[in-house]
Amino acid sequence: MKITLWGTRGSLACSGPETEKYGGNTSCVEVLGKDGTLLIIDAGTGIRRLGIAVENKIKQVHILLSHLHLDHIQGLGFFAPLYDATVEVHVYGPAQTSHHLRKSLTKYLSPPLFPVLLSDLPCQLHLHAIGNGEFTIGQFNIMSQFVCHPGRTLGYRISTSTSSMAYLSDHEPALATSLTEDDTQWLSGYALAKKVDLLIHDAQYTLHEYEERIGWGHSTIKDAIEFARRAKVKTLVTFHHDPAHQDNALDMLLAEIIAQAQPAFKIYAGYEGKTFQLP
Amino acid sequence: MAQKKIELILFRQFANYLAMPAFLTDLNGQLIFCNEATEERLGFRFSETGEMTAQQWSVIFALQDHGGNPIDTNQLPFTTTLQQKSMAHGQFYLRTLKHAVKQVKVTTIPLLTERDEFLAVMTFFQEIFL
């Protein structure tokens, strides 16, 4: 599978010279199978450019939403294939406790917040409210599981017969567990990330920032590394960068923490356009 | 051991912050977690005993009624919650591992999640001081 990062920023899109290296678009990851199956994880502002790249080239696409916070759905209305009547678009998102996924998405995709109604989109739209479970799309086996983050939020594990990746974009496992001490059975997201080839994980805060934002649903870079260590992943991609972290700050933060933690696996700070090829 | 579902993980975290005794049992009656307040009241360390079956904990804590008769697990609020997916309450005596006999009030609550999935039984209890 080929994985491409189209948006790596957390919370709020931020463009400018100070975020040029890592990018300012919010969460969006493309996962392309060898058989042509196209998965998109989250529909942050990064999905707009991805939509342009695949426009008129696809007949089916599957969008997996981790949750419905604005930074993960804001790009949806700007995804070109939604306006193509020949394209089948499947959107998967966390089942809500009291109403259907359609109602939640319609809150955003309707006036006065957005000019086009969800029901007026020309594409062949199918919504799937999902929870803990496993399903298959093309060559991919997908495991979805609720994780520690305010509001119902899913993490995903995507596997083929030869490789696996996990996506835990908004995830605060340290809120519920001692990352270093507790048994992994009590570790949020562990089953999704266990021994994956590639883990894309929330790394929004510094330790100092986290102290004032405990419970907001995000991790420190250090906790992301510790989580990856417990899960025995091969490669960690830090993701959901804080809008306040400029390129030079992100470079320094990661270098400093890697020097301290000395992890036995590879770490990359996720940036727009970065691709990973898994067998 | 398989990773627990997020609702159980979050309950455990919540209960760890409480000063009131709380514990979790799975749908087989297996004690899968108890907080420090429970450990303190019952005189044991969960980290040392590990998980216990319903049969084990009902015998270890010598659950008994007002007349001193052993209480079968079928008579416990826990069983009502398990069978009826509803809250239940009860009052009985138990013996701690430090050999103190205590009277307790117990409330059990089904932990229901998406699509009415029944994950576990949450139990809260309180000592009755006469």
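Colleague: Before we open anything, what is the radius of gyration taken over, and what is the globule rule?

Modeller: The radius of gyration is taken over C-alpha atoms, and the globule rule is 2.2 Å times the number of residues to the power 0.38. Keep in mind that we're looking at a predicted model here. For chain A, with 279 residues, the rule puts a compact globule near 19 Å, and the chain has 18 Å, so the two agree. Its C-alpha trace spans about 50 × 40 × 35 Å along the principal axes.

Colleague: And how does chain B come out against the radius of gyration of a compact globule?

Modeller: It agrees as well: chain B has 14 Å, and a compact globule of 130 residues would be near 14 Å. Its trace covers about 40 × 30 × 25 Å along the principal axes.

Colleague: How much confidence does the predictor give chain B and the complex?

Modeller: Chain B has a mean pLDDT of 92, with 99% of its residues at 70 or more. For the complex, the ipTM is 0.77 and the pTM is 0.90.

Colleague: Okay, secondary structure. How many helices and strands are in chain A?

Modeller: Chain A has 8 helices and 14 strands. Chain B has 5 helices and 5 strands, and reading along its sequence you get α-β-β-α-α-α-α-β-β-β.

Colleague: What share of the residues in chain A is buried?

Modeller: For chain A, 49% of the 279 residues count as buried. In chain B, buried residues are 30% of the 130. You can look at contact range too. Take contacts between residues at least 6 apart in sequence: in chain A, 67% of them join residues at least 24 apart. The corresponding share in chain B is 42%.

Colleague: Next, the nonpolar core. Which residues of the largest one touch the most other members?

Modeller: General idea to begin with: in soluble globular proteins, nonpolar side chains tend to be buried together. Here the largest nonpolar core has 96 residues, and those touching the most other members are Val29(A), Ile40(A), Ile63(A), Ala166(A), Ala193(A) and Leu199(A). The element that gives the most to this core is helix α7 of chain A, residues 221-231, with 6 residues.

Colleague: How do I read the strand pairing in chain B, starting with β1(B) and β2(B)?

Modeller: In a regular strand the side chains alternate between the two faces of the sheet. In our case, β1(B) and β2(B) pair antiparallel over 3 bridges. They make a hairpin with 5 residues between them, and Gly29(B) in the turn has a positive phi of about 90°. β1(B) is also joined to β5(B), antiparallel, by 4 bridges. Leu24(B) makes a handy landmark: its bridge partner in β2(B) is Phe33(B), while in β5(B) it stands opposite Met122(B).

Colleague: What about β4(B) and β5(B)?

Modeller: They run antiparallel and are joined by 10 bridges, with Leu112(B) opposite Phe118(B) in β5(B). This pair forms a hairpin too, with 3 residues between the strands; Arg115(B) in the turn has a positive phi of about 55°.

Colleague: Which residues are buried in helix α1 of chain B?

Modeller: An α-helix has 3.6 residues a turn, so residues three or four places apart point the same way. In α1(B), residues 6-16, the buried ones are Ile6(B), Leu8(B), Ile9(B), Phe11(B), Arg12(B) and Ala15(B). Their cover includes β1, β2, β4 and β5 of chain B, together with β8 and α4 of chain A.

Note on methods
Residues are numbered from 1 along each chain as its sequence is written. Chains are lettered from A and ligands numbered from 1 in the order in which they are written. This is a predicted model: local features need pLDDT of at least 70, side-chain atom pairs count only at pLDDT 80 or more; totals for chains, interfaces and linings use all residues. A nonpolar core is a set of buried Ala, Val, Leu, Ile, Met, Phe, Trp, Tyr and Cys residues joined through C-beta atoms within 7 Å. A residue is buried if 20 or more other C-beta atoms lie within 10 Å of its own, exposed if 12 or fewer, and partly exposed in between; C-beta atoms are placed from the backbone. Helices (H or I, at least four residues) and strands (E, at least two) are DSSP runs, numbered from the N terminus. Two residues are in contact if their C-beta atoms, placed from the backbone, lie within 7 Å. pLDDT is the predictor's confidence in each residue, from 0 to 100. Two strands pair if DSSP finds at least two bridges between them.
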